[in-house]
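Student: I would like to learn how to read the inside of a protein model. Can we begin with its cavities?

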Amino acid sequence: METYGAWSLIPTLVVLGMAILTRRTIESLLTGCLVGLLMTDPIHVVSRGSDILLGVLGNDTVTWIILVCGLFGSLIALLVKTGGVLSFGDTMTRRIHSRSQSLLTTWFLGLIIFVDDYLNALTISASMKKITDRFGISREKLAYIVDSTAAPICILVPFSTWAVFFAGLLEENNVTGNGMSLYIDAIPFMFYAWVAAAIVPLVALGWIPNLGPMKAAEARANAGQPMPDGVDDNALEVDESKPRPHLLNFLVPIVALIFFTWYFDIDILRGVIVALAVTLTLILSQRLLSFHETFDTALEGFKAMIMPLGTLVAGFALKDVNDVLGLTDFVIGTVQPLMTAGLLPAVVFITMAFLAFATGSFWGLFAVAMPIVLPLAESVQADMPLVVGALISASAFGSHACFYGDSTVLSAQGSGCSPMAHALTQLPYVLIAAAIATVVFLTVGYL
């Protein structure tokens with residue numbers, strides 16, 4: 001196969017540079033594809049580009065991910081629209097009598113609502129902010145706890161949109177065995193997520209003090225102003241006039257999702273289809289929404305997944321272009337003599353965490369990285385679940401730390417503070433978790 005040597009890096013460098021400058025993922029990936037096609041065959045760019053896109057969309061794995069993520073979007077939209085998640089939040093918060101209880105309950109809710117980081121960020125903040133206000137807790141601290149149980153928790157559970165996406169990437173990159181099985185094997189090694197989630201109760205109990213900008217935010221809240229100046233907190237305000245549906249409207253679909261995914265041999269597509277059917281039955285039988293409103297909401301939820309799905313398709317297209325350029329062979333040939341199996345996991349985590357933070361790309365970047373990192377791991381005989389755990393930990397770090405990441409923005413918006421205030425106040429805790437995770441990756445890599 002013809003290879004382009006160091007020139008094969010150009011499309012990926014274009015993607016990273018453009019993502020940093022524009023903060024737009026899909027456009028950056030497609031630009032990288034265009035650059036690669038111009039390098040290989042500038043005369044037939046349109047025909048080769050369309051062939052690659054048709055090949056990606058005709059891929060069984062890509063079709064499966066599109067269906068799963070789209071149906072997940074529908075399920076999430078219906079659970080939010082009917083108020084089922086808020087019923088769950090109400091039930092959990094009735095017996096809260098102290099500041100630490102309110103913060104620990106917020107953390108616990110984040111552990112429970114693991115299906116999707118968007119669902120997590122929006123619903124927990126909406127359920128808890130009135131309670132945390134009562135105990136003089138700043139909206140920034142609420143946003144930190146909500147954000148720390150969004151992506152970090154979603155990657156630890158195989159019944160989530162993150163798990164579906166990354167398991168699909170693993171499957172597409174021809175890993176040995178089933179993609180979801182490898183994902184599950186890697187969960188114990190997703191050290192950043194474990195550490196980030198474990199730090200939260202220590203902060204909630206005051207065992208880890210308020211650091212940096214969080215100290216000023218908490219001082220302001222203790223003085224009687226939980227919400228910072230200049231923030232519009234009406235966009236995601238809960239409609240208290242509407243009666244809450246029964247708690248079972250949340251619990252039954254979630255239990256159905258988990259049970260039937262297991263029943264169908266960890267096939268989350270079949271699990272989410274059954275959970276969606278159960279949800280529709282509950283809504284229509286209780287007349288929580290009209291027939292038209294129910295299916296309009298489900299369609300809106302599916303449409304909400306267009307951006308991550310577009311990222312997926314563009315990422316796979318860039319992978320095909322990079323394969324033509326011989327990028328993987330070049331990187332392995334260059335790095336392998338310098339890399340050891342023990343060092344690789346920590347290097348992967350640090351490098352990919354920085355890139356995810358810089359580009360704001362927590363899914364698309366890894367569609368580019370996996371075809372490079374996984375063959376490299378095989379070539380140096382590194383422990384594959386450990387390397388996959390490092391890759392996905394880096395993605396969770398990016399989502400957690402990036403100032404303009406979607407999870408950061410949603411957590412801030414739902415909690416009632418600006419994204420920049422939220423990002424700056426949580427940054428010391430994020431860096432502590434990342435430093436601990438790096439040490440653990442080094443230690444386990446050499447063990």
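Tutor: Take the lining of the second largest cavity: its residues divide into four nonpolar, three polar and no charged. Here Ala, Val, Leu, Ile, Met, Phe, Trp, Tyr, Cys and Pro count as nonpolar, Asp, Glu, Lys and Arg as charged, and the others, Gly among them, as polar. This is a predicted model, where local features need pLDDT of at least 70 and side-chain atom pairs count only at pLDDT 80 or more, while totals for chains, interfaces and linings use all residues. Residues are numbered from 1 along each chain as its sequence is written, and side-chain values use heavy atoms, with hydrogens and water left out.

Student: What is a cavity, and which residues line the second largest cavity?

Tutor: On a 1 Å grid over the protein atoms alone, a cavity is a set of points where a 1.4 Å probe fits but cannot get out; lining residues have an atom within 4 Å of a point. In this model L79, T82, N249, T279, L282, I283 and L288 line the second largest cavity. Helix α15 (268-286) and α4 (60-82) each give two or more residues to this lining, and α15 gives the most, with three.

Student: What is the volume of the second largest cavity?

Tutor: A volume is the space filled by probe spheres set on the points, which are joined across faces, edges and corners. For the second largest cavity the volume is about 30 Å³.

Student: Which residues does F166 touch?

Tutor: Contact means heavy atoms within 4.5 Å. Leaving out residues up to four places away in sequence, F166 touches Y183, F362, W363, F366, M370, I392 and S395.

Technical notes
1 Å grid on protein atoms, 1.4 Å probe; cavity = no way out; pocket = protein on both sides within 12 Å on 5 of 7 lines; lining within 4 Å. Helix = DSSP H or I, 4+ residues; strand = E, 2+ residues; numbered from the N terminus.
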